[in-house]
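Please look over this chain with me.

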Amino acid sequence: MRILLVEDTHDVGEAICKRFEATGHAVDWETNGRDAADIIDFTEYALIILDVMLPGMDGFEILKHIRKSGNAVPVLVLTARSEIDDRVGALDLGADDYLVKPFDFRELEARARVLMRRHTGGEATNLIKCGDIAVDRAARSVHVGKREVQLKRRELTLLEVLVARPGRVFSKDELLDQIFGFDEAANANAIELYIGRLRKKLEGARARIVTVRGLGYQLVSDDAP
């Protein structure tokens with residue numbers, strides 16, 4: 001999934017980026033609040049991780065901007081402030097969750113999974129399925145029936161997007177946005193390449209990646225009525 005990180009502390013930002021990129025997410029990292037607010041207006045994200053103390057525009061102002069525009073993207077607020085008023089204020093402005101610095105990166109990842117799961121309409125579980133394809137979002141593993149399938153980072157992210165919303169048609173541009181960040185050069189041919197690899201690795205599954213000509217791709221279960 002594509003994540004926006006707004007954090008001006010470089011060692012914290014670098015560590016968060018590495019953690020999420022290692023599990024297959026595309027991360028756009030901004031250190032200036034005003035720049036981040038501009039990006040949010042034209043880019044769709046599965047999650048925004050938002051620091052409070054920022055140059056240009058603080059996290060509370062960004063949060064107001066997001067919700068005023070009607071954007072329902074999940075927002076996880078990071079704050080060095082331990083005062084209860086600041087935490088309540090963030091939630092009242094529309095934050096979905098918060099963490100007080102310093103925090104454990106494992107907790108950050110777990111909370112992020114919960115928020116992205118809600119955003120994609122998933123149930124309260126890290127396991128998502130289509131046919132006999134099962135993706136464990138916490139363990140970052142894939143099974144077809146009892147067979148474990150070894151996928152590379154972006155292949156897994158692409159499959160996760162498709163399995164989370166079976167039957168939905170995703171355009172190539174939508175899929176590109178989900179698995180590549182701003183700093184990564186890619187074009188529509190990259191999606192065709194990853195789709196081809198996934199189809200080979202998922203051969204024999206009771207679900208198929210279908211090409212909808214002129215529109216994109218969808219995952220269809222053979223078990224569907």
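Here are my notes, point by point.

1. This is a predicted model, where local features need pLDDT of at least 70, side-chain atom pairs count only at pLDDT 80 or more, and totals for chains, interfaces and linings use all residues. Residues are numbered from 1 along each chain as its sequence is written, and side-chain values use heavy atoms, without hydrogens and water.

2. The chain holds 8 helices and 11 strands. Both are DSSP runs, numbered from the N terminus: helices are H or I with at least four residues, strands E with at least two. The radius of gyration is 18 Å, close to the 17 Å that the globule rule gives for 225 residues, so the chain is as compact as a globular protein of that length. That radius is taken over C-alpha atoms, and the rule is 2.2 Å times the number of residues to the power 0.38.

3. The C-alpha trace spans about 55 × 30 × 30 Å along its principal axes.

4. Of the 225 residues, 46% count as buried (under 20% relative accessible area, 1.4 Å probe, protein chains only).

5. How do H2 and H3 pack? Helix H2 (residues 33-40) and helix H3 (residues 59-68) pack at an angle of about 15°, with axes 10 Å apart. Axes are lines fitted to C-alpha atoms over the stretch in contact, and angles run from 0 to 180 degrees between N-to-C directions. H2 and H3 are therefore roughly parallel (angles under 35 degrees).

6. Which residues meet? Gly 33, Ala 36, Ala 37 and Ile 40 of H2 meet Ile 62, His 65 and Ile 66 of H3, with contact meaning heavy atoms within 4.5 Å.

Technical notes: Parallel < 35°, antiparallel > 145°, perpendicular 65-115°, else oblique. Buried < 20%, exposed > 50% of the residue type's maximum accessible area, 1.4 Å probe, protein only.
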